[in-house]
Amino acid sequence: LDCVIACLQSLYTIFDSSWARKTMSKTKELLVELCNVLYRQILTRDSLEVQLLCIEVMKQSIMIARDSLQVDVDSNGNDVAADNNKDEDKVSNSEAEHIIEPGKSHVYAVLEVTLCLLARHCPELNPSQTTRLTNDKMMSSQSTNGNFRLNDDNNMLVALALHAMEDLPGLCTPEGSVKILPTILYLTTGVIQEMATKSIHDNTILANCAAIQAALHLLKAMTVDKYATDEKSVDEWRKFLQSALAKIIDLTKTGSNDDKKMDEVTMMLAIAVFILHTPRIVMMPTFQYPSINLFRQSFQSESNLVRLKCVQTIKSIFIAAELKVATPYIHALAPRIIENLFADNTKTPKDEIELALILESITTVDSLITLAEPQNRKLKNKTFFYLIFR
């Protein structure tokens, strides 16, 4: 084990050198073989340190591949690395992967490493259903109310693996990106399904854990990716995003089986990602009605913390979503928020969370005033001032 760790640390140190990365980028076969070695280490080693080093070296391999695409020619004809903030239209895609094949594609090899790590920590993600928890894994994990939970170290590893996948579409051509998108979305929604499930009696908010935050961020990255609007990939890209949203909504309906449910805040945030960034998809009635119903149920939760998170998420939709997308949510949810503010118990909040809920509700109503037609703002202002001074 010490030898393996020393070798991985050496690789990490070598690839800290820009010269080493440039040299490595000249032979794609080396990157593929490197990822294959990392895959075997994660598959056979229970050491979290080994797995962490493998992911860090894998991320460096992605950096190598990205740098090879971000090469521009200066005025003297010399190859120079382009700035990270360089206009994407000027980035050379001559080396971008079009065909994603096992043994030949670096992107495919990275996905293998990522799947292997995620399956070690979330066994249900393994399509073959053959992965089993090792004793070491079970010892390093926690159980809350009978539900499986990862500790902080395992959580961080899952988050790092998810973050690494954000850069993969950029290593492909539009056609190549469409081939890997289903795998990325499968793993992302799978992590959400596994890690955001809890007992129906559990009021814990799971959305704050590193892995779920990384999954939500990856979802957003896929919805705003350049290939989501590229004419060569937009149709297929939209279909796969639509499928991912359908799975998330389905989880909100079926998550309560066997005395378990999905974490309400995680589901709201996941759906909000699509509402904010994929208006053409979320406006379909098949998705719109269940989404509104989820927010309505969350606002009626017995947990004031869930209600607070619900209002915060609703406010972001009111403010940031396209008006035609936000309007149905305003019509369905704004009256409930105002009705709650008129309730007698809002005059004397019992704790800080309830006070925060009231204040957040007031700022949400305030944000609606700016969205109203000029002739309707006077009436809404009267309601707003009444709520403040009552």
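Visitor: Which residues of H1 are buried?
Guide: This is a predicted model, in which local features need pLDDT of at least 70 and side-chain atom pairs count only at pLDDT 80 or more, while totals for chains, interfaces and linings use all residues. Residues are numbered from 1 along each chain as its sequence is written, and side-chain values use heavy atoms, with hydrogens and water left out. Buried means under 20% relative accessible area, exposed over 50%, and partly exposed in between, with a 1.4 Å probe and protein chains only. By that criterion, the buried residues in H1 are Val 4, Ile 5 and Leu 8.

Visitor: Why do Val 4, Ile 5 and Leu 8 count as being on the same side of H1?
Guide: The arc is taken from the directions that run from the helix axis to the C-beta atoms. The buried residues of H1 are Val 4, Ile 5 and Leu 8. They lie on the same side of H1 because the arc they cover around the axis is only 95 degrees.

Visitor: Which exposed residues does the face of H1 turned away from its buried side carry, and which helices are included in what covers the buried residues?
Guide: Helices (H or I, at least four residues) and strands (E, at least two) are DSSP runs, numbered from the N terminus. The face turned away from the buried side of H1 carries the exposed residues Asp 2, Cys 3 and Thr 13. What covers the buried residues of H1 includes helix H3 (28–44) and helix H4 (48–69).

Visitor: How far apart are the end C-alpha atoms of helix H1?
Guide: The expected span of a helix is 1.5 Å times one less than its number of residues. For the 13 residues of helix H1 (residues 2–14), this gives 18 Å, and the value from the model agrees, since the end C-alpha atoms are 18 Å apart.

Visitor: How many aromatic pairs does the structure hold, and what is the pair of Tyr 227 and Trp 237 called?
Guide: Rings of Phe, Tyr and Trp (its six-membered ring) pair if their centres lie within 6.5 Å; planes under 30 degrees apart count as stacked, over 60 as edge-to-face and the rest as tilted. The structure holds two aromatic pairs. In the pair of Tyr 227 and Trp 237, the ring centres are 6.4 Å apart and the planes stand at 55 degrees, so the pair is tilted.

Visitor: What is the pair of Phe 295 and Tyr 329 called, and how many residues apart in sequence are the parts that it ties together?
Guide: Phe 295 is buried at 0% relative accessibility, and Tyr 329 is buried at 1%. Their ring centres are 6.2 Å apart with the planes at 85 degrees, so the pair is edge-to-face. Phe 295 belongs to helix H13 (residues 285–299) and Tyr 329 to helix H15 (residues 323–341), so the parts tied together are 34 residues apart.

Visitor: How many disulfides are found, and how far is the sulfur of Cys 54 from the closest cysteine sulfur?
Guide: A disulfide is a pair of cysteine sulfur atoms within 2.5 Å, and a search of the whole structure finds zero. Cys 54 is buried, with a relative accessible area of 0%, and Cys 116 is buried at 6%. The closest cysteine sulfur to that of Cys 54 is in Cys 116, too far for a bond at 9.1 Å.

Visitor: Which residues does Thr 114 touch?
Guide: Thr 114 is found in helix H5 (residues 106–121) and is buried at 0% relative accessibility. Contact means heavy atoms within 4.5 Å. Not counting residues up to four places away in sequence, Thr 114 touches Met 58, Ala 161, Met 165 and Leu 187.
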